[in-house]
Amino acid sequence: MVSLVRALLFCLRCLPAEVAHRVTLMALDGAHRLGLLTGWQRRVPAHPVDVMGLTFPNPVGLAAGLDKNGEHIDALGSLGFGFVEIGTVTPQPQPGNPKPRLFRLPEHGAIINRMGFNNHGLEALVGNVRQSGYRGVLGINVGKNKSTPEDQAAGDYRAGIEAVYPCADYITVNVSSPNTPGLRDLQFGDALRDLLASVKAEQTRQQDKTGRYVPIAVKIAPDMDDAAIAFVADALLASGLDAVIATNTTVDRAAVKVHPLAGEAGGLSGRPVREPSLRMIHALRRHLGDQMPIIGVGGIEDGVSAREKIEAGASLVQIYTGLIYKGPALVQEAVEAIAGAGKK
Ligand SMILES: Cc1cc2nc3c(=O)[nH]c(=O)nc-3n(C[C@H](O)[C@H](O)[C@H](O)COP(=O)(O)O)c2cc1C
């Protein structure tokens with residue numbers, strides 16, 4: 001199976017990146033239906049952790065954006081991840097940006113994307129979740145439609161929380177994609193404070209309605225100076241929300257500036273975001289003390305890069321780009337590195 005997956009990934013290198021991602025997910029679905037993925041899960045050691053009031057079988061999760069509509073939850077869930085985050089989903093379906101919008105920079109272990117929240121909307125995602133047989137920890141990441149004015153953004157987030165609340169183990173509020181104009185402005189000043197208050201109010205409303213508390217995490221960008229990080233940390237603590245996810249992709253191109261694709265607009269992920277994300281986790285942990293868990297994401301491509309995020313103060317980690325380049329064996333490697341560090 002390992003060589004089959006490697007051969008598939010190799011063949012896919014000659015296809016446009018977005019087509020290759022789609023074909024890989026379809027092949028994974030097929031392999032799952034044939035029962036070929038059960039071995040992956042068994043190989044990953046149990047390393048349970050309690051975070052946000054939930055028990056995760058291991059601390060290594062799939063980051064948002066690979067399964068935006070929740071169409072591949074069962075297959076992705078059988079790769080050994082301790083949790084799977086789907087989305088970003090917006091209230092209404094939207095096509096995203098024109099293609100090409102996904103670029104691989106293999107020399108840097110990196111991807112540039114400007115997908116622009118292409119997704120089928122809340123109704124389709126909730127239907128897919130209900131049909132899935134996955135019983136692990138499921139996060140659902142919500143965002144705003146491109147056409148929604150910034151001063152009405154909170155309404156989109158509230159609609160997202162309301163729709164996914166009954167079927168999510170945790171919800172992520174994504175204010176950090178660089179590919180929706182104005183979205184990242186929601187990370188600063190009164191816009192952030194007002195949005196977090198509105199999100200908290202919706203969570204409380206849903207808790208009263210359903211009798212169930214679903215924790216909410218806020219996902220932030222790595223492109224922040226120390227003052228901005230301190231502000232975000234204070235606002236998060238004041239909000240009463242449950243966790244912070246650090247980080248999304250970066251708009252900085254310093255690490256890849258000589259690459260011919262460096263000028264492509266969008267968010268850069270993978271190896272170049274490893275250090276910026278780690279710096280954010282260190283700074284957030286300093287400001288947050290032990291008051292709020294951090295989910296560390298950005299540039300995990302081996303056991304060392306996974307473990308360093310936990311050592312910097314993250315309780316959980318997530319992977320996207322590393323999975324594309326290294327395949328699902330990375331999940332096992334990351335869990336073993338983290339579990340091994342805990343035993344020292
Ligand atoms: C093609 C692509 C699409 C993404 N889409 C989303 C998304 O819809 N929502 C989100 O919160 N993050 C999205 N991300 C960001 C990842 O979840 C992750 O935060 C970022 O890529 C850094 O992790 P990595 O270096 O392991 O990829 C996307 C990343 C990539 C590469």
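**Entry 1: F103.** I began with F103 and found it buried, with a relative accessible area of 9%. Buried means under 20% relative accessible area, exposed over 50%, and partly exposed in between, with a 1.4 Å probe and protein chains only. F103 sits in strand β5, residues 102–105. I noted that helices (H or I, at least four residues) and strands (E, at least two) are DSSP runs, numbered from the N terminus. Setting aside residues up to four places away in sequence, F103 touches A110, I111, I112, R114, L261 and E264; contact means heavy atoms within 4.5 Å.

**Entry 2: ground rules.** This is a predicted model, where local features need pLDDT of at least 70 and side-chain atom pairs count only at pLDDT 80 or more, while totals for chains, interfaces and linings use all residues. Residues are numbered from 1 along each chain as its sequence is written, and side-chain values use heavy atoms, with hydrogens and water left out.

**Entry 3: the barrel.** I traced eight strands that close into a barrel, in the order β3-β4-β7-β8-β9-β10-β12-β13, with parallel pairing. On average, neighbouring strands of this sheet are turned by 25 degrees against each other, direction ignored. The axes are lines fitted to C-alpha atoms, for helices over the stretch in contact, and angles run from 0 to 180 degrees between N-to-C directions. Zooming in, I saw β7 (residues 137–142) pair with β8 in the parallel sense over four bridges; two strands pair if DSSP finds at least two bridges between them. V142 stands opposite V173 in β8.

**Entry 4: the cores.** Which residues have the most contacts inside the largest nonpolar core? They are I140, Y157, I171, V173, I220 and L284, in a core of 81 residues. Such a core is a set of buried Ala, Val, Leu, Ile, Met, Phe, Trp, Tyr and Cys residues joined through side-chain atoms within 4.5 Å. A second, separate core has 15 residues, including V51, M52, F56 and V297.

Entry 5: I found S177 in the loop between β8 (170–174) and α7 (189–210). S177 counts as buried, at 7% relative accessibility. Beyond its neighbours within four places in sequence, S177 is in contact with F117, L183, R184 and N248. A polar atom of the S177 side chain also lies 3.1 Å from the backbone nitrogen of N179.

Note on methods:
A polar contact is a pair of N or O atoms within 3.5 Å; within protein, one must be able to donate a hydrogen and the other to accept it, and residues adjacent in sequence count only if both atoms are side-chain atoms.
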